[in-house]
Amino acid sequence: MKFLRTASTSRLLATILGLVLAIAAGTAIAVAATNSTPVPKAEPLADAVHGALSASPVQGISANITFTNGLISSDDFTGGTTDPLLQGASGRLWVGDHQLRLELQGGNGDAQVVVNGRSFMVSDPASSSSSQPSTDQGVPSIAQIQSEITKLLQRVTLAGTGTSDPGDIAGRPTYSVTISPKHSGGELGKLQLAWDAATGTPLDIAVYSSTSTTSGPVLELKVTDISYGTVKPGVFNIPPTPGYKVVTVSGAQQTAASKALKKGKVAHTDVNGVSAVAGHVPFTLVAPPSAVGLPRHDVTLLSWGGAPAALVTYGQGLGAIAVIEQKADTAGSSNSSSQNQDEGQGTGLSLPTVAIDGPTGQQLATGQELDTALGTMVRFTRAGVSYIVVGSVTPYAAEQVARALLTP
């Protein structure tokens, strides 16, 4: 929680986007058999997915890629500074045996995402982190895949007739699928995924906004050229660039933080509800029964950095809004305008300051607002408590939730 409150926005976004890229590209550890047919025949979606998951492993992958990031308007960047993670770039991708490296080329230096066994590193000129990968659960059968698709269709709409859409990308035969949420999708419009029909390797991952003024994706990672074969181990052994600021996140530290929060035998995951959570935090919990027409869904005790925090959610699904509350320290309570100036250092990104007013027009707090094509984040501090409001909603909705917190 302290990292969320005090980290610059560029570090937050670089870390989040880097993790998305690592996870998305990491699924490419599948697979090979070649196919000279540029466009494959149409298949039922479950069959196409099963074929991708059960394809024979390839020795490695080397590819040129393009990354599109339209989450933040170019108007928010000043001074001519570019950041490949925040503004998009072209680059290269390598995948080996439980290893991955994504390189995005920018004018201020290259951004890197490196996955090595049980750890990963995300670095732009400001950040790096590590974590644990997911466990392989094996390849499900066609019947199991179809069952999961049927369940998924209760919540999303599948474009077309339920078959995979054949095509070609980077000279490879592909299948693709497009889904969009049926209800409570927030600002998420649709998600497109295309994969190599012969190897199962993801070749294009695109996210579209329901509110964007452009027809293209707001986030996309697309292969423009690809080859399969062994990748030299040295490709994945790159140290952090000298002078970069390094932020490390480890499972051991998270476990220690969780243990530090225990009182007696009660862990943070066992504490839910307004009264219970209020008794475990060193500040006055604010959790109005509703906000912007959404009913309060849950209140949960969190542990972040060894300190207790509260997570309050309003609504459900992709359209839900989350509020994180934690006692502010001296550094986190600094002047909002000064903090906002610090946000843009190194990236040229400048967040607008937002005034959170009461019902009669009096200013209750000043915060920073990050408005993207997929959602909004507002963070502010008042009376020794820091608040983060985040959701796939418009700035107006996020600001209204902030006002509801200050005028319960």
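**Strand pairing, cores and loops in a predicted model**

Gln112 has Ser123 of strand 5 as its bridge partner. The two strands involved, strand 4 (residues 111-116) and strand 5, run antiparallel and are joined by five bridges. Strands count as paired if DSSP finds at least two bridges between them. Four of the five residues of strand 5 (residues 119-123) are buried, so strand 5 is largely enclosed by the rest of the structure. Buried means under 20% relative accessible area, exposed means over 50%, and partly exposed lies in between (1.4 Å probe, protein chains only).

The model is predicted: local features need pLDDT of at least 70, side-chain atom pairs count only at pLDDT 80 or more, and totals for chains, interfaces and linings use all residues. Residues are numbered from 1 along each chain as its sequence is written, and side-chain values use heavy atoms, with hydrogens and water left out.

The protein has nine helices and 19 strands. Helices (H or I, at least four residues) and strands (E, at least two) are DSSP runs, numbered from the N terminus. Of the 408 residues, 46% are buried. The protein exposes about 19,300 Å², and 54% of this comes from carbon and sulfur atoms. Accessible areas were computed by the Shrake-Rupley method with a 1.4 Å probe; for residues, only the protein chains shown count as cover. Among contacts between residues at least 6 apart in sequence, 60% join residues at least 24 apart. Contact means heavy atoms within 4.5 Å.

Helix 9 covers residues 395-406. Its 12 residues should span 16 Å at 1.5 Å a residue, and its end C-alpha atoms are 17 Å apart, which agrees. The expected span is 1.5 Å times one less than the number of residues. Nine of the 12 residues are buried, so helix 9 is largely enclosed by the rest of the structure. Among them are Pro395, Glu399, Val401 and Leu405. The cover over the buried residues of helix 9 includes strand 12 (290-291), strand 15 (321-327), strand 16 (353-357) and strand 17 (363-372). Strand 18 and strand 19 are also part of this cover.

The largest nonpolar core holds 32 residues, of which Val277, Phe380 and Val389 touch the most other members. A nonpolar core is a set of buried Ala, Val, Leu, Ile, Met, Phe, Trp, Tyr and Cys residues joined through side-chain atoms within 4.5 Å. Elements giving two or more residues to this core include strand 13 (294-304), strand 14 (307-314) and helix 9. Helix 9 gives the most, with seven residues. Leaving aside neighbours within four places in sequence, Phe380 contacts residues including Ile356, Val389, Ala402, Leu405 and Leu406. A second, separate core of 29 residues includes Ala63, Leu85, Ile169 and Val218.

Val299 lies in strand 13. With 2% relative accessibility, Val299 counts as buried. The C-alpha atoms of Val299 and Val312 are 4.5 Å apart, although 13 residues separate the two along the chain. Beyond residues up to four places away in sequence, Val299 touches several residues, including Val271, Val277, Leu285 and Val312.

Most residues other than glycine have a negative phi. His98 is not a glycine, yet has a positive phi of about 55°. His98 sits in the loop between strand 2 (89-96) and strand 3 (99-104). Its relative accessible area is 51%, so His98 is exposed. Ala383, also not a glycine, has a positive phi of about 55°. Ala383 is found in the loop between strand 18 (375-382) and strand 19 (385-391). Ala383 counts as exposed, at 77% relative accessibility.
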